[in-house]
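Reader: I would like to learn how to read helix faces and helix packing from a model. Could you take me through one case?

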Amino acid sequence: MGGRVGAASEPGRGSLFWFEVPFLPAEPVAPAAAEAPADAGGGRGLRVLVAEDGELNREIARAMLERRGHAVLEARDGREAVEAVRAGGVDVVLMDLHMPVMDGLSATRLIRSLGGPAASVPVLALTASTSAHDRARCLAAGMGGLVAKPLSPARLHAAIDAAVAGAGGP
């Protein structure tokens with residue numbers, strides 16, 4: 001990465017460890033675009049279910065979604081995700097593919113079999129596996145697309161907006 005690592009030690013006083021990593025400045029983003037609430041659902045935020053077994057990934061997704069004005073529900077495995085969708089009040093699901101108890105593909109198939117409004121809730125795969133094969137498996141299970149990890153706010157919000165627009169809104 002073009003950085004440096006170093007250490008300095010003095011007996012009886014301690015040690016100092018340091019690193020330097022050069023980063024390019026981020027491209028500026030207009031504050032209104034970065035913080036604007038979702039347009040989907042008549043100007044209100046959506047109720048987004050984040051089905052992810054990794055706590056850090058849930059926290060990152062929550063921060064990005066809440067910054068956009070969405071309400072966030074959480075599930076730690078596929079079975080919890082199915083139950084949350086069955087209970088209602090979910091506008092879109094971000095579904096990790098690899099979770100304990102029930103994986104994301106199985107959970108999505110079960111959601112699609114629920115019938116009624118729950119069966120049509122948009123589900124997006126939340127995965128680091130974005131090959132054409134993985135995409136085809138997700139679509140065959142009833143998912144509307146993929147959001148690649150690590151998450152980027154722009155990709156996340158664009159995928160959610162497209163999924164909700166494709167479902168006719170919440």
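This is a predicted model: local features need pLDDT of at least 70, side-chain atom pairs count only at pLDDT 80 or more; totals for chains, interfaces and linings use all residues.

Reader: Which residues of α2 are buried, and which are exposed?

Author: The general idea is that an α-helix has 3.6 residues a turn, so residues three or four places apart point the same way. In α2, the buried residues are Arg58, Ala61, Met64 and Leu65. Seen down the axis of α2, they fall within an arc of 135 degrees, so they line one face of the helix; the arc is that of the directions from the helix axis to the C-beta atoms. Glu55 and Leu56 are exposed on the other side of α2, and the cover over its buried residues includes β3 (47-51), β4 (71-75), β5 (92-96) and α6 (153-166).

Reader: What span should the 13 residues of α2 have?

Author: The expected span of a helix is 1.5 Å times one less than its number of residues. For α2 (residues 55-67) this should be 18 Å, which agrees with its end C-alpha atoms, 18 Å apart. Just after α2, Gly69 takes a positive phi of about 95 degrees.

Reader: How do α4 and α5 pack, and at what angle?

Author: Two packed helices are described by the angle between their axes and the distance between the axes. Here axes are lines fitted to C-alpha atoms, for helices over the stretch in contact, and angles run from 0 to 180 degrees between N-to-C directions. Helix α4 (residues 104-112) and helix α5 (residues 132-141) pack at about 25 degrees, with their axes 8 Å apart. That makes α4 roughly parallel to α5, as angles under 35 degrees count as roughly parallel, over 145 as roughly antiparallel, 65 to 115 as roughly perpendicular and the rest as oblique. Leu105, Thr108, Arg109 and Arg112 of α4 make the contact with Arg137, Cys138 and Ala141 of α5, contact meaning heavy atoms within 4.5 Å.

Reader: Which residues of α5 are buried, and what do they pack against?

Author: In α5, Asp134, Cys138 and Ala141 are buried. They cover an arc of only 65 degrees around the axis, which puts them on the same side of α5, and they pack against α4, β6 (123-127) and β7 (145-148). On the other side of α5, Ala132, His133 and Ala140 are exposed.

Reader: Where is the place of Gly142, and with which residues is Gly142 in contact?

Author: Gly142 follows α5 with a positive phi, near 110 degrees, and lies in the loop between α5 and β7. Its relative accessible area is 24%, so Gly142 is partly exposed. Leaving aside neighbours within four places in sequence, Gly142 is in contact with Thr108 and Arg112.

Key. Residues are numbered from 1 along each chain as its sequence is written. Side-chain values use heavy atoms; hydrogens and water are left out. Helices (H or I, at least four residues) and strands (E, at least two) are DSSP runs, numbered from the N terminus. Buried means under 20% relative accessible area, exposed over 50%, partly exposed in between (1.4 Å probe, protein chains only).
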